Amino acid sequence: MHTVSMTILCCCLWTISLFGQSNHSAKFWQEVTEKSFADKNAERQIIPQKYRTALINWEVMTPVLESAPLRFSAEAETQEVLIRLPMPDGSTEQFKIVEAPVLHKDLAKKYPGIHAYAGQGIDDPTAYLRFDVTPKGFHAMVLSGRHSGV
């Protein structure tokens with residue numbers, strides 16, 4: 001009886017942990033108004049036709065980014081690290097990501113806060129993602145055969 005109870009308890013805990021992990025993608029971003037963070041004294045240089053403003057939950061995003069394998073490594077072939085990005089039309093798209101450094105090793109040591117990544121679309125297999133994380137924030141570009149660049 002004790003073994004059966006322990007087995008059921010372990011299965012329940014495992015199921016809860018799976019739901020918790022899959023729910024992380026929803027916790028990456030929080031919709032916010034541009035007015036909540038915009039500099040009132042700054043003149044905006046670029047005004048896109050369509051856009052969304054979102055706040056990153058760094059407590060959730062950072063460990064995911066740190067687990068991304070290095071591009072072209074053996075781990076990149078077998079390990080799947082997924083993130084979901086908000087799109088301008090109100091939807092989100094999922095990407096498999098890898099760390100894809102663009103800085104020379106010496107510069108990377110000098111500026112440890114700059115990291116670059118690449119991603120392949122899961123929902124849209126034609127989508128290609130490039131993004132970076134720097135002390136100035138998160139910057140991303142998505143190119144796709146299904147819609148214009150984002």
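Me: How many residues has the largest nonpolar core, and which have the most contacts inside it?
Reply: The largest nonpolar core has 20 residues, and I83, I97, L129 and F131 are those with the most contacts inside it. A nonpolar core is a set of buried Ala, Val, Leu, Ile, Met, Phe, Trp, Tyr and Cys residues joined through side-chain atoms within 4.5 Å. Helix 3 (58-66), strand 3 (82-86), strand 4 (92-99) and strand 6 (128-134) each supply at least two residues of this core. Helix 3 gives the most, with four residues. In soluble globular proteins, nonpolar side chains tend to be buried together.

Me: What kind of model is this, and how are its residues numbered?
Reply: This is a predicted model, in which local features need pLDDT of at least 70 and side-chain atom pairs count only at pLDDT 80 or more, while totals for chains, interfaces and linings use all residues. Residues are numbered from 1 along each chain as its sequence is written, and side-chain values use heavy atoms, with hydrogens and water left out.

Me: How many helices and strands are there, and what counts as one?
Reply: The protein has five helices and seven strands. Helices (H or I, at least four residues) and strands (E, at least two) are DSSP runs, numbered from the N terminus. Read from the N terminus on, the elements run α-α-β-β-α-α-β-β-α-β-β-β.

Me: Why do Y117 and F131 count as buried?
Reply: Buried means under 20% relative accessible area, exposed over 50%, and partly exposed in between (1.4 Å probe, protein chains only). Y117 has 4% relative accessibility, and therefore counts as buried. F131 is at 3%, so F131 counts as buried. Of the 150 residues of the protein, 26% count as buried.

Me: Why is the pair of Y117 and F131 called stacked?
Reply: Rings of Phe, Tyr and Trp (its six-membered ring) pair if their centres lie within 6.5 Å; planes under 30 degrees apart count as stacked, over 60 as edge-to-face and the rest as tilted. By this rule the count comes to three aromatic pairs. The ring centres of Y117 and F131 are 4.8 Å apart and their planes stand at 15°, so this pair is stacked. Y117 belongs to strand 5 and F131 to strand 6, 14 residues apart, and the pair thus links distant parts of the chain. One aromatic cluster is formed by W29, Y117, F131 and F138.

Me: Which residues does L129 touch, and what makes a contact?
Reply: Contact means heavy atoms within 4.5 Å.

Me: Why do Q94 and E93 count as buried?
Reply: Q94 is found in strand 4, and its relative accessible area is 18%, so Q94 is buried. E93 is also found in strand 4; its relative accessibility is 10%, and E93 therefore counts as buried. Leaving aside neighbours within four places in sequence, E93 is in contact with residues including I83, D123, A127 and H147. E93 and A127 are 34 residues apart in sequence and 9.3 Å apart in space, C-alpha to C-alpha.

Me: Why does V81 count as buried, and where does V81 lie?
Reply: V81 lies in the loop between helix 4 and strand 3. Its relative accessible area is 6%, so V81 is buried. Not counting residues up to four places away in sequence, V81 touches V64, S67, A68, P69, F95, K96 and I97.

Me: Why does F72 count as exposed, and what is its phi?
Reply: F72 is found in the loop between helix 3 and helix 4 (74-78). At 74% relative accessibility, F72 is classed as exposed. F72 has a positive phi of about 70° although it is not a glycine. Most residues other than glycine have a negative phi.

Me: Why does Y111 count as partly exposed?
Reply: Y111 is placed in the loop between helix 5 (105-110) and strand 5 (115-121). Its relative accessibility is 39%, so Y111 counts as partly exposed.
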